[in-house]
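Please look over the sequence and the structure below.

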Amino acid sequence: MATSKWIILTLLLLISSPVFSQQYQIPAESYTLSESGAWCWFADPRALYHKSSEGHFERTWVGYIDPRGNIKALQHDHLTGFSEEVLVRSWFQPDDHNNPTFLVLPDERVMILYSRHTDEACFYYRISKQAGDITSLGPEKKIITNHNTTYPSAFLMSDDPEHIYLAWRGLNWHPTLAKLSLPDENDEVVITEGPWQLVSYPGRSSRPYAKYNTNGKDQIMMTYTTTHPDNQEVNYVYYSSIDINTLQLKDINGRVIQDITEAPHPIKADSSYLQKYPAMVVDPSPARNWIWQVVPDSNGKPVIATVRISADKTQHDYYRAWWDGEKWQNTFLANAGGHFHQSPHIELCYSGGMTIHPEHPELIYASVPISGTHGEVYEIIEYRCNAEGQVTTRAITENSRENNVRPYFIKGSNEATGTLTWMHGQYFDWIVSRDRPQGYPTAIYANRPLQQAKPQSANIKTSHLQDFPHSLKRRQKNRDFKLQMQVTTNPGAPETLLLATNAFSYGIDAKGRPWLKVGDTVYPSNNIAGTSDQWKHESRSTNGKWYPPVLHEQFDLSISYQNGVLTTHINGLIDQRTVVPGLKLREIEVSNTALKFQLL
C-alpha cells in the first residue's frame, strides 16, 4: 500500500474528559444545527423526537443533505445536552429531494430511509445497532421496489405491529403504499404486500403530490393534489385515509371510496367530482394549489397547511384547512410573495413553506417575505388560529440577513423538547449541476440550541515535535485517547495505509472507502472519502446515473477511543463507531509525517 504524502497528527490523551455544548446565537431565537444542509418538504419525518419506554434515552434526530451529496443527521441527547453529527451516506445524488427520514422500530433502534429522486427502483436504509443511537449505524441496505422512488414516509401502526407501512411517490408517479416486514436477524427488510397505487389522474405529466400522517393505530392520513401546480391552473386539494385493517380508501366521514388492492381511485379537478365526492375535496379553488403538511387535531381530524398560487405563479397565499363537522373550511393566513429562491426562471411554485405544530395544530409557522434591516427577507412567523377563524401573529425570526424557509416543527414531550427547525440562507436549485453548481447552500437552524458537543480544552499541556521519527513508542495504561490528523492523499491512487498502531490500523482502499482493522477483523466504512461534486459538470437531470465520486485530496480525520468504543470522524462527521473493549495504545507508526501531540 502507498502512504499519504503528508499527515499532521495530534494525539490527545483523555481521562474521562468532559464535553460541553456552546451556544452560537444567530438572529432572534435562531441557532445553527448544521452549517450545510437542506431538505424538501415531502419526505417525512425529516426530524423526529423519541423518549425510550424505559427512560434510558431521550433524543431528537434531524436529517438533511448537503450540496456535496452527504446525507447527514444530527443526534441531540436531551439528557446530557450533547449533540453529534453523523455521516449517514456520502457520495449520494446531490438533490434536496433525497433528505433522510426516520422511524423508531419496536426494539427502539432507529431506521433511516432515503432514496434518489425518481430514478431508481429502490430505497436505501441503515439501522442503528443500539437503541436510540444513530451514531452506531449498521451497513447500508436496500428495499427493492418495482417503480421509481421518492419521498419515503414510514409508519408503525398498533393494529398491525408486525409490519412497517411505507408511503412514497412511486407507481406511475402517484401516491403509493406498501406493507413491509420488520427487520430480520440480518436487518433485511422486504415488501410483503403491495405496492398499491392509491389514486390516479390521467395525463402524461400527472403527478399528484401527497403528504401523510397517522393516528398511530389503524388510519394513515393522506392529503394530496391533482398534480404538480406547474402543470395546470386548477389543482384541487384532497383528503383521504387508508384503513390498514381493510385496505380501503375512505373519506373524512368514513365512507368507503375504493379498495386499494383492486385499483387506484380516479380523481378529477372539476365540478362533477366535487359533486360526487364533496368530503374528499379540501380546496376546490381555481388556483395552483399545493400542500405542506397534515396533522391530526385532538379529535383525530386533519388540519392541513395549503398554499394557493396564482395562474401566473407570482402570488402565493397560505391557508389553514380543517373539517368543521360538515364541510371543509379554509382560513387565510398570509400572502407569501412568490418563489423564495434566487433563480428567477425555475420552480416558480416554490413557496417559503409552512409547518403545523403537531400538538397544537391551531399554530402554524410560515415563511413570508418581511421588510427588515437587510431588505426584504423571508422570516418565520407564527400564526395562531382560533375556532372562529381569527388569526394572530408572532415573529419567530426578524431582521435576518438571509432567508428562513421550509420550517418543520419536531414534536417533543413538552415545550422544552419540541423544536422548530428550518433552512437558512440562499437557494439556487434543488439539484447540483453545471447550470447552478451552488445548488442549495443553506444551513439548518432551530429556535433552541441543539448544538454539537465540543471537547473541553482547558488545562491542556502541549508538546510539539516536528519531523518526529516515523515510529512513536510509549507506555500507556488504560487511557482513552484521541488522534487528529489532516490527511492529503492522491485521488488517482487512493489506496493507502494512513495509520498503524499496536491496537488498530486505519486506511483507505482502492475505491476510496475508509477501513478500520482491529486484530484480524476489518470494519469497512459505509462511505467514500469523497463527494458528489462530479454533478457540477453534468446537465441538470435525474437520469439514474451514478457519477464517479470526487475523492478528497485533503480531509480532517479524527480517531477517538472512549469507554471501549472506537470512533472515526471525517471532516467532523461520525463515520464509524465500533465497540472494541480493552484497547491500549502504545505504538503509533506513520510514514512521511510531521508529528505533533498534546498531553493533558
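Two strands pair if DSSP finds at least two bridges between them. Helices (H or I, at least four residues) and strands (E, at least two) are DSSP runs, numbered from the N terminus. The model is predicted, so local features need pLDDT of at least 70 and side-chain atom pairs count only at pLDDT 80 or more, while totals for chains, interfaces and linings use all residues. Residues are numbered from 1 along each chain as its sequence is written, and side-chain values use heavy atoms, with hydrogens and water left out.

Strands β13 and β14 form a hairpin, with two residues between them. The two run antiparallel and are joined by six bridges; β14 covers residues 160–169. One of the bridge pairs is Met-157 with Asp-160 of β14. Strand β13 (residues 150–157) is largely enclosed by the rest of the structure, because seven of its eight residues are buried. Buried means under 20% relative accessible area, exposed over 50%, and partly exposed in between (1.4 Å probe, protein chains only).

A nonpolar core is a set of buried Ala, Val, Leu, Ile, Met, Phe, Trp, Tyr and Cys residues joined through side-chain atoms within 4.5 Å. In soluble globular proteins, nonpolar side chains tend to be buried together. The largest core here has 82 residues, and Val-62 and Trp-290 have the most contacts inside it. A second, separate core has 27 residues, among them Ala-167, Ile-220, Leu-249 and Tyr-273. Contact means heavy atoms within 4.5 Å. Leaving aside neighbours within four places in sequence, Val-62 is in contact with residues including Leu-33, Trp-39, Phe-102 and Ile-444.

Is Glu-382 buried or exposed? Glu-382 is buried, with a relative accessible area of 6%. This residue is found in strand β31 (residues 375–385). The side chains of Glu-382 and Tyr-365 are joined by a polar contact of 2.9 Å. A polar contact is a pair of N or O atoms within 3.5 Å; within protein, one must be able to donate a hydrogen and the other to accept it, and residues adjacent in sequence count only if both atoms are side-chain atoms.

Some backbone angles remain. The peptide bond from Asp-44 to Pro-45 is cis, with omega near -5°, and Pro-45 lies in the loop between β3 (31–34) and β4 (47–51). Another cis bond joins Gly-194 and Pro-195, with omega about 5°; Pro-195 lies in strand β16 (residues 191–197). Glu-108 is not a glycine, although its phi is positive, about 70°.
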